[in-house]
Amino acid sequence: MNGGPPQLTITDLILNAVRADNSDRERRLKNIIVSGMKESSDDNDVADIVSLLQTEFRYDPANVSCQRLGRVNTNKLRPIKLHFPTADEAGWVLSKAKLLRNSKNPWVRNNVFFNRDLPLA
């Protein structure tokens, strides 16, 4: 026996990679990427998202958080990563995303899109 770290077999390495991939997939199922939302001057994206969900879907999320992705750029709207407590909530909202095309608000109807949180290729 040597005193070094334990040697991992190829099976252990594969299992670790599969577990990491499954964990990442489960985490991403709770997220939605929202593009086209105007950036407010007060940086209150959560209130804007909750208002959008209430207006368009008649849905009041209990515990949702969000963050803008990317660097601030005055020429381009940054997407928002919207995080829900459960994958079911995120899935339900995603299933209703097509209703945005019928919005009374022309900006929402033409510019706001909800997409799954996918890993980078």
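View 1. Arginine 78 counts as buried because its relative accessibility is 14%, where buried means under 20% relative accessible area, exposed over 50% and partly exposed in between, with a 1.4 Å probe and protein chains only. The model shown here is predicted, so that local features need pLDDT of at least 70 and side-chain atom pairs count only at pLDDT 80 or more, while totals for chains, interfaces and linings use all residues. Residues are numbered from 1 along each chain as its sequence is written, and side-chain values use heavy atoms, with hydrogens and water left out. The side chain of arginine 78 meets that of glutamate 39 in a salt bridge of 3.0 Å, N to O, a salt bridge being a side-chain nitrogen of Lys or Arg within 4 Å of a carboxyl oxygen of Asp or Glu. Glutamate 39 lies in the loop between strand 1 and helix 2 and arginine 78 in the loop between strand 2 and strand 3, so this pair ties together parts that are 39 residues apart in sequence. Here helices (H or I, at least four residues) and strands (E, at least two) are DSSP runs, numbered from the N terminus. Glutamate 39, at 31% relative accessibility, counts as partly exposed.

View 2. The structure holds three salt bridges. In one of them, the side chains of aspartate 117 and arginine 28 meet at 2.7 Å, N to O, and this pair links distant parts of the chain, with aspartate 117 in the segment after strand 4 and arginine 28 in helix 1 (residues 10-28), 89 residues apart. Both aspartate 117 and arginine 28 are buried. Aspartate 45 forms a salt bridge with arginine 68, with 3.1 Å between the closest N and O atoms; aspartate 45 belongs to helix 2 and arginine 68 to strand 2, and the two are 23 residues apart. Aspartate 45 is buried at a relative accessible area of 13%, and arginine 68 is buried at 12%.

**View 3. Aromatic pairs.** Two aromatic pairs are found in the structure, where rings of Phe, Tyr and Trp (its six-membered ring) pair if their centres lie within 6.5 Å, and planes under 30 degrees apart count as stacked, over 60 as edge-to-face and the rest as tilted. The ring centres of phenylalanine 57 and phenylalanine 114 are 5.9 Å apart and the planes stand at 85°, so this pair is edge-to-face. It links distant parts of the chain, as phenylalanine 57 is in helix 2 (residues 45-57) and phenylalanine 114 in strand 4 (residues 113-116), 57 residues apart. Phenylalanine 57 counts as buried at 8% relative accessibility, and phenylalanine 114 counts as buried at 7%. For tyrosine 59 and tryptophan 92, the ring centres lie 5.0 Å apart with the planes at 45°, so the pair is tilted. Tyrosine 59 counts as buried at 16% relative accessibility, whereas tryptophan 92 is partly exposed, with a relative accessible area of 34%.

**View 4. The largest nonpolar core.** The largest nonpolar core has 20 residues, and those with the most contacts inside it are Ile32, Val34, Leu53, Phe84, Val93, Val112 and Phe114; such a core is a set of buried Ala, Val, Leu, Ile, Met, Phe, Trp, Tyr and Cys residues joined through side-chain atoms within 4.5 Å. Strand 1 (31-35), helix 2, strand 3 (80-83) and helix 3 are the elements that give two or more residues to this core, and helix 2 supplies the largest share, five residues. Leaving aside neighbours within four places in sequence, phenylalanine 114 is in contact (heavy atoms within 4.5 Å) with residues including Ile32, Leu53, Phe57 and Val93.

**View 5. Strand 1 and its partners.** Four of the five residues of strand 1 are buried, so that this strand is mostly covered. Strand 1 pairs in the antiparallel sense with strand 3 over four bridges, two strands being paired if DSSP finds at least two bridges between them. Valine 34 has isoleucine 80 of strand 3 as its bridge partner. Strand 1 also pairs with strand 4 in the antiparallel sense over four bridges, and the bridge partner of isoleucine 33 in strand 4 is asparagine 115.
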